[in-house]
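Hi,

Here is the structure I promised to pass on.

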Amino acid sequence: MISVEEALARILAEIKALPVTQIPLPEALGLVLAQDIVAQEDIPPFANSAMDGFALLSSDSQPRDGKPPRLRITGEVAAGYVADHAVEEGTAMRIMTGAPVPLGADTVIQVELTRTEGPRSEWVEIMEAVPRGNNIRPAGEDMHRGQTILLQGSEIGPWEIGVLATLGWASVPATRRPHVAILGTGDEVIDVDQPLRPGKIRNSNSYLLEAAVRRAGAVPHRLGVARDTIKSLREKFTQAIQHDLIITSGGVSVGDFDLVKNIMAEQGQINFWRINMRPGKPVAFGFIGGIPLLGLPGNPVSAAVTFELFGRPVIRKMLGHTRLLRPQIDVIVEDGVSDRAMRRHYVRAHVEWRDGRFVAHTTGNQGSHITMSLLNANALVVVPEGGFEIHPGDTAKAIMLDWPEV
Ligand code: AMP
Ligand code: MG
């Protein structure tokens, strides 16, 4: 039996980032950029108005004999169009936000600081002197041609997608998403739309894992449930090895029908198959047909927790991320953890910020078959191995499952 840390190190040592491909921009959310992005254009591409108002010469805005100057309006320029004539001394042009500043004009005054006879007015009075460049956004003020805008290795979020769109990247070079085969095992496991029959339970693991895999940024492929026979498992694994990663649940313990390890030994290699933790002692890792296989336990809580601790970091490493692990913080465990385990214990808990500190509440019965302990949990309180006890009000480490990786 190996420690959680050793298991994670052994797994990650075997996992590499997947190849880079060109990904359509709308599908790049959460992916890792594979090259520096250098602006090929100035942004904004042309000097434009920051306000609805009038384009004029700043020298024309100075009061004359203490009175506001009156300028002749020669036309208007809306966003998306270019003025067909220049602004000359003694004249002004109506201008809208985002419209290119006409030739000749060196400033824009917002409409609120002017007076006219209405929308058809032929003149405008300038109520305040404005300096040159007022309300003008110069070309290249945001990004300039040749400037490095995003670095290789950065994660593409909604704001990065906006910037990439600004620069005209309809598709971006990024590490591609892993395709993950998800395989249930067990003669007792029937599908979600089946009525329960004696001895049977519904397949919850495959659906839970499918969602968790998708949330981690990979593309899940549910391959159904293998029977507890070598023949059925072989058939399923023939399909599974078409993917980048295989995640199974069940069949990795020491029962007579726990045959996943047998197939791994027959068709690949087992790196390890037991971890000193609870829930989730039977976790197998190895390769089959050259594809990494993470054999998670069958108990739903164990499958869920071990996916968070091992599966998610594997997917993130395949995606090219360098931050792989959820942050750990100190929390006050308000209700304590009464049951003592010799193995490292990951206790599902809800953590919230209250009165200037993080407070954890465990989620009730922590049996590995008690799926209710997953609901409302956003953290795992870590109880060290060796029969450690956490009394109510003690401080402990918690892994924050809803905080971004660090
Ligand atoms: P195993 O490791 O195959 O002995 O499974 C451990 C426990 O998890 C047993 O009680 C199984 O019935 C249960 N289990 C296995 N696979 C699933 C699944 N896909 N969905 C829900 N429970 C499962
Ligand atoms: Mg089983």
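Predicted model: local features only at pLDDT ≥ 70, side-chain atom pairs only at ≥ 80, totals over all residues.

To get you started: where in the chain is the place of Asp65? Asp65 sits in the loop between strand 4 (53-56) and strand 5 (70-77).

I picked Asp65 because of its backbone. Most residues other than glycine have a negative phi, and most peptide bonds are trans. Asp65 isn't a glycine, yet its phi is positive, about 50°. Its side of the story is an open one: Asp65 has a relative accessible area of 79%, and since anything over 50% counts as exposed, Asp65 is exposed.

There is another residue like this further along. Asp355 also has a positive phi, near 50°, and is not a glycine either. You'll find Asp355 in the loop between strand 23 (344-354) and strand 24 (357-362). With a relative accessibility of 71%, Asp355 counts as exposed too.

Now for the peptide bonds. A cis bond links Ile43 to Pro44, with omega at about -5°. Pro44 belongs to the loop between strand 2 (37-38) and strand 3 (48-49). Another cis bond links Arg278 to Pro279, and there omega is about 0°. The loop holding Pro279 runs between strand 19 (277-278) and strand 20 (284-288).

Zooming out, the chain contains six helices and 26 strands. Its radius of gyration is 32 Å, whereas the globule rule gives 22 Å for 406 residues, so the chain is more spread out than a compact globule. You can see that in the C-alpha trace, which spans about 100 × 50 × 40 Å along its principal axes. Of the 406 residues, 48% are buried. Look at contacts with a separation of 6 or more, and 70% of them are between residues 24 or more positions apart. The accessible surface of the chain is about 19,800 Å², and carbon and sulfur atoms account for 52% of that.

On to the pockets. Rolling a probe the size of a water molecule over the atoms shows where empty space is left.

What is the volume of the largest pocket? It comes to about 610 Å³. The lining of this pocket has 32 residues, and those nearest its centre are Gly250, Pro297, Gly298, Asn299 and Pro300. Strand 13 (179-185), strand 15 (201-202) and helix 6 (300-318) each give at least two residues to that lining. By type, the lining of the largest pocket has eight nonpolar, 17 polar and seven charged residues.

The second largest pocket has a volume of about 380 Å³. Its lining has 17 residues, with Arg215, Ala304, Glu308, Ala377 and Leu401 nearest the centre. Helix 3 (205-215) and helix 6 each supply at least two of the lining residues. Which element gives this lining its largest share? That is helix 6, with five residues.

Cheers

Conventions: Residues numbered from 1 in each chain as written. Chains lettered and ligands numbered in written order. Heavy atoms only, no water. 1 Å grid on protein atoms, 1.4 Å probe; cavity = no way out; pocket = protein on both sides within 12 Å on 5 of 7 lines; lining within 4 Å. Points joined across faces, edges and corners; volume = space filled by probe spheres on them. Helix = DSSP H or I, 4+ residues; strand = E, 2+ residues; numbered from the N terminus. Nonpolar A, V, L, I, M, F, W, Y, C, P; charged D, E, K, R; others polar. Buried < 20%, exposed > 50% of the residue type's maximum accessible area, 1.4 Å probe, protein only. Rg over C-alpha atoms; globule rule 2.2 N^0.38 Å. Contact = heavy atoms within 4.5 Å. Areas by Shrake-Rupley, 256 points an atom, 1.4 Å probe, with all protein chains shown as cover.
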